[in-house]
Amino acid sequence: MDQRLSLVTLVVADLGATRRFYLDGLGWESFVDVPDEVLMLQVGPHLLLSLWDEAAALEEIGPVVRGGTPPVTLAHNVGEPHQVDAVLDDARRAGAPTIGDATERDWGGYSGYFTDPDGFVWEVAYAPGPVGELVVP
């Protein structure tokens, strides 16, 4: 098996609200958009973020457990610290339910967090050094 990730799939309760947040609010573009089923966004050269309606997912993967903070975060890295604040402002305007102010981190970077309509946590980060060089286009 090649060492790579092709899709990140998040099961969402309200695909319409999710669509409004990512497409209308954040200004992202869809790659695949099947109403009441799935919204896929190209987030890298060979990587899709798949936002799958819970009812459609139920048929294929079974029941979805909700409650609490999912034990996963998604990250959007940027090339400069001030860009972290700009992205958090974009999330605020898009209607992100919660937003944590950015702060300087012990690991030498600068980051803050927001949640999407389903509570999935996004980190927005400036990471100096090899990680930042690898993940920022």
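Here is a walk through this predicted model, from its core out to its pockets and loops. Local features are described only where pLDDT is at least 70 and side-chain atom pairs only at pLDDT 80 or more, while totals for chains, interfaces and linings use all residues. Residues are numbered from 1 along each chain as its sequence is written, and side-chain values use heavy atoms, with hydrogens and water left out.

Let's start inside. In soluble globular proteins, nonpolar side chains tend to be buried together. A nonpolar core here is a set of buried Ala, Val, Leu, Ile, Met, Phe, Trp, Tyr and Cys residues joined through side-chain atoms within 4.5 Å. "Buried" means under 20% relative accessible area, "exposed" means over 50%, and "partly exposed" is in between (1.4 Å probe, protein chains only). The largest core has 24 residues, and Leu41, Leu51, Val84 and Phe114 have the most contacts inside it. Among the elements that each supply at least two of its residues are strand 1 (7–12), helix 1 (15–25), strand 3 (38–44) and helix 3 (81–94). Helix 3 gives the largest share, five residues. Helices (H or I, at least four residues) and strands (E, at least two) are DSSP runs, numbered from the N terminus.

Now zoom in on Val84. Leaving out residues up to four places away in sequence, Val84 touches Val78, Ala102, Tyr110, Ser111, Gly112, Val124, Ala125 and Tyr126, where contact means heavy atoms within 4.5 Å. There is also a second, separate core of seven residues, including Val11, Leu48, Trp52 and Ala57.

Gln83 also sits in helix 3, but Gln83 is partly exposed, at 32% relative accessible area. A polar atom of its side chain lies 2.7 Å from the backbone nitrogen of Glu80. Gln83 and Val124 are 41 residues apart along the chain, yet their C-alpha atoms are separated by 8.8 Å.

Next, a loop. Asp118 is in the loop between strand 7 and strand 8. Is Asp118 buried or exposed? Asp118 is buried, with a relative accessible area of 18%. Its side chain makes a polar contact with the side chain of Thr18 at 3.1 Å, and one of its polar side-chain atoms lies 2.8 Å from the backbone nitrogen of Ala13. A polar contact is a pair of N or O atoms within 3.5 Å; within protein, one must be able to donate a hydrogen and the other to accept it, and residues adjacent in sequence count only if both atoms are side-chain atoms.

Compare Asp36, in the loop between strand 2 (32–34) and strand 3. Asp36 counts as exposed, at 67% relative accessibility, and has a positive phi of about 65 degrees although it is not a glycine.

Finally, look for the pockets. On a 1 Å grid over the protein atoms alone, a pocket is an open set of points where a 1.4 Å probe fits, with protein on both sides within 12 Å along at least five of seven lines; lining residues have an atom within 4 Å of a point. The largest pocket holds about 670 Å³ of space. Its lining has 21 residues, and Val43, Gly44, Leu47, Ala75 and His76 are the closest to its centre. The second largest pocket has a volume of about 250 Å³. That pocket is lined by 13 residues, with Val65, Arg66, Gly68, Pro70 and Phe120 nearest its centre.

Key. Grid points are joined across faces, edges and corners, and a volume is the space filled by probe spheres set on the points.
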